[in-house]
Amino acid sequence: MRICNTVEDMRAACRGARRGKRLGFVPTMGALHEGHVSLVRAARASCHAVAASIFVNPAQFGPNEDLAKYPRSFDRDRELLEKEGVALLFAPSVEEMYPAGAVTWVTVEGLSSKLDGRSRPGHFRGVTTVVAKLFHIVEPDVAFFGQKDAAQVAIVRRMVHDLNFPVEIVACPIVREADGLAMSSRNAYLDSQQRRRALLLYCSLMRVKKSWEGGERDAAKLLATGREEFAGKKSVRLDYLEIVDPDSLDPVEGVGGGALVAVAAFVGSTRLIDNILLPGSPG
């Protein structure tokens, strides 16, 4: 596996890897887990070569968020990506990605203020800016993202459409622990008690799904069912629970198949997200 630390080197390496071949790309912030591995494996299954990036992007963290303590394990991550057959790894510094004096942002208006964007102002502006930069550097044929970040997927897809990026966006299914907890780099922050409480997010989604499969279609009633899971749980603070269209992220009232049920909550000081897509028909 070739490791590139500069834009110039990564561009040249990707140009060589793309020559007559289909290049897949997996952007990450490191602290890799089986969810990231599933993206790499999906890329390997459909592409001739796979590139990945590890970059903790400061532009998507708010002033009171966890940038300083975000888990970093570069050596372990590098070994894991090499083992999984990644050909190129882009690991730039902050200064390489954001040179002094840079003032340009990429913003997907409207979508970026929904779900996590409402709770984390400026977050998605940071995401779309860095993803746009990475796409320009790597020029992949296909880029792979996790469905756990459903709002991010919708926003990146819209950016790609609106700015005519020649890249296909593939969303891969959420990878869960045996008890249902969605895998996340931030799970490392949880102690054993918090780890158990974190299951409330998944349980709330399952309550909504069960009610929907039982025939309920009214969004307000479905959401009330899901919120019951958090009632009286002072150690877990619900940020949002919404049922939305997975592309527009707008709330839906009559809930049909394919709707996105998304939840975010604070377990202690750790903010976690999860979601499910309701099946095309009940059951």
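1. A cavity is here a set of grid points where a 1.4 Å probe fits but cannot get out, and its lining residues have an atom within 4 Å of a point. The model under discussion is predicted. By this rule it holds 2 cavities of 30 Å³ or more.

2. The largest cavity has a volume of about 60 Å³. Its lining consists of Leu181, Ala182, Ser184, Asn187, Ala198, Leu201, Tyr202, Leu272, Ile273 and Asp274. Sorted by class, these residues are 7 nonpolar, 2 polar and 1 charged.

3. Two elements, helix 9 (199–213) and strand 9 (270–277), each contribute at least two residues to the lining of the largest cavity. Strand 9 gives the largest share, 3 residues.

4. Around it lie Leu115, Asp116, Lys148, Asp149, Ala150, Ala151, Tyr240, Ala262, Val263, Ile273, Asp274 and Asn275. Two or more lining residues come from each of helix 7 (150–162), strand 8 (260–267) and strand 9. The largest share of this lining, 3 residues, again belongs to strand 9.

5. How does the lining of the second largest cavity divide into nonpolar, polar and charged residues? There are 7 nonpolar, 1 polar and 4 charged residues in that lining.

Methods
Residues numbered from 1 in each chain as written. Predicted model: local features only at pLDDT ≥ 70, side-chain atom pairs only at ≥ 80, totals over all residues. Heavy atoms only, no water. 1 Å grid on protein atoms, 1.4 Å probe; cavity = no way out; pocket = protein on both sides within 12 Å on 5 of 7 lines; lining within 4 Å. Points joined across faces, edges and corners; volume = space filled by probe spheres on them. Helix = DSSP H or I, 4+ residues; strand = E, 2+ residues; numbered from the N terminus. Nonpolar A, V, L, I, M, F, W, Y, C, P; charged D, E, K, R; others polar.
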